[in-house]
Amino acid sequence: MLQAGLFRRTCELLKGTALCVGLLVGAGVSLAPAHAAPRAIPATTDDVRRLPIPPVDRSQEPIMVLTGGTLIDGRGGEAIEDAVIVIQGDRILAAGPARSTPLPAGSAKTIDATGLYILPGLIDLHIHFTQQRGEDFGRYSDSAAGAAIRGVALAEQLISAGITAVRDVGTVDDVALRIKEAVDREIITGPRVLWSGSIISSTGGHGDEVTSTATGRQKPAFGGPTKGFNGPWEWRAAVRNEVRSLVDWIKLGAPANKEEIAAAIEEAHSLGVPVAIDSYGKYTDWAIEAGVDTLEHPLALSDDAVPLMKRHGTAFVPTIGAFDNLLTGGYPTAGIPTGGFYHTHSRRFVIDQQDHLDRVAEAYRSGVQIGVGTDIPFENEIRYPDAYFRELAYLSEAGMTNADVLASATRVGAEIMRMGDKLGTLEQGKIADILIVGKNPLDSLGNLRDVRYVIADGKIVVDEPAR
Ligand SMILES: [Zn+2]
């Protein structure tokens, strides 16, 4: 068994097609094309860093089969009734109609999914494992240990809802990395984690304010020593430090100087690491022009922003719910009042829900890639996993079809995450991250809440067939 490996593993063929030849042959599936023997590409870690690892032999791993369900494989075609999915270890060996997908001998486990709907696990591109929760936690900063405990609780909430992969875009110390490792090593149950270390900002910028963003309350000791960076070389050095800490992504925060933003993005890209930015207004335009990979939030976008995103191939993670929460009810148990940001220097603009929806609609019409992110800053214990499904509803409200919202939550999310060759669809060679629900999510996205099984990394995490 591969259990408890430090890293999830894969074998890859050229052109990003993930296949593991020995494993498939071992399972009695003939696949080698007659004209060319597949050339072995070294296996890599299943994260954005893609560290080469020794070859992986899955041929002795147990086989699991899903039968009878309707497969929505995430590739955009028609749903496949009476589908078969064959899993060995953490990989999908085969997925397709029962009539053309032979059942392997020696299956250790069969799930009868008759009447159920099988789809790729969901992806949340914007979470913070260490966010505050509860009346007490919401009122003061605590330690990395406290943040880690909260993170473990959130990991459990997410995976139980079928959210099988997340990107953490700002953590306390190395908490998100340790959660990622703990999930990989099966110490805790949670989604696959990509992480981006700490937010890189300028002195006094987002993440380095002396007052909290939503309440305006002073942070302990008037904010403590600055974590901000100043000037292009300090921003480059900050990126290098994050990469040294094994991050998958870099996260920047506005406001910042145009040269600082461009320097950080260039440095990250030269090191092969993609970049997300929490931004607004002109800073957003600067970041897009400098090649940032994902824009987080829909805050105070200029009329140039969406056309620029389209031109530069920037993905958009709107996180609408986090801001609508501020407008419509605040976060009462955390003492956050209704209305917006207060007394913060890094957030001097008005939040406008209709503008946010309009910008998502504009991005959708323009063909900008849109991903699903929640970014709930407080009350995680009561907001998750509901916040994820509410975010899908906001995307619908902005005019996206159910099929396109579902794609954002799966295939497109995986592509945005830089994991499109390993996650996001259910097909041969992909990692077995699978959600099985009771009713068709294409009829109503609310049906995603009707979770029957969750399979993460080839293992059953939720098993409630008769819910
Ligand atoms: Zn955030």
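1. Let's start with a strand pairing: Ile 118 stands opposite Ile 436 in strand 16. Strand 16 covers residues 434-437 and pairs with strand 8 in the antiparallel sense over four bridges. Strands here are DSSP runs of E with at least two residues, and helices are runs of H or I with at least four residues, both numbered from the N terminus. Two strands count as paired if DSSP finds at least two bridges between them.

2. A word on what you are looking at. This is a predicted model, in which local features need pLDDT of at least 70 and side-chain atom pairs count only at pLDDT 80 or more, while totals for chains, interfaces and linings use all residues. Residues are numbered from 1 along each chain as its sequence is written.

3. On confidence, pLDDT (the predictor's confidence in each residue, from 0 to 100) averages 89 for the chain, and 89% of the residues score at least 70. Please treat residues 1-34 with care: pLDDT stays under 50 there. Where pLDDT is low, the predicted coordinates should not be read in detail.

4. Back to strand 8 (residues 117-120), which also pairs with strand 4 (residues 70-71), in the parallel sense over two bridges. In this pairing Leu 71 stands opposite Ile 118.

5. Ile 118 turns up again in the largest nonpolar core, which has 131 residues; Ile 118, Ile 85, Ile 250 and Ala 264 have the most contacts inside it. Helix 3 (residues 144-160) gives the largest share, six residues. Domain 1 (14-121 + 425-463) and domain 2 (122-416) both contribute, so the core lies between them; the domain bounds come from an automatic or database assignment. A nonpolar core is a set of buried Ala, Val, Leu, Ile, Met, Phe, Trp, Tyr and Cys residues joined through C-beta atoms within 7 Å, where buried means that 20 or more other C-beta atoms lie within 10 Å of a residue's own, with C-beta atoms placed from the backbone.

6. A four-stranded open sheet runs in the order 6-5-3-7 with mixed pairing. Strand 6 (91-97) and strand 7 (109-112) are at its edges with a single partner strand each, so one side of each has no neighbour in the sheet. Inside it, strand 3 (residues 63-67) and strand 5 (residues 83-88) pair in the antiparallel sense over five bridges, and Met 64 stands opposite Ile 87.

7. Another open sheet has three strands in the order 9-10-11, with parallel pairing. Its edge strands are strand 9 (122-127) and strand 11 (192-195). Strand 10 (residues 163-168) is joined to strand 11 by four bridges, with Arg 167 opposite Leu 194.

Methods. A residue is buried if 20 or more other C-beta atoms lie within 10 Å of its own, exposed if 12 or fewer, and partly exposed in between; C-beta atoms are placed from the backbone. Two residues are in contact if their C-beta atoms, placed from the backbone, lie within 7 Å.
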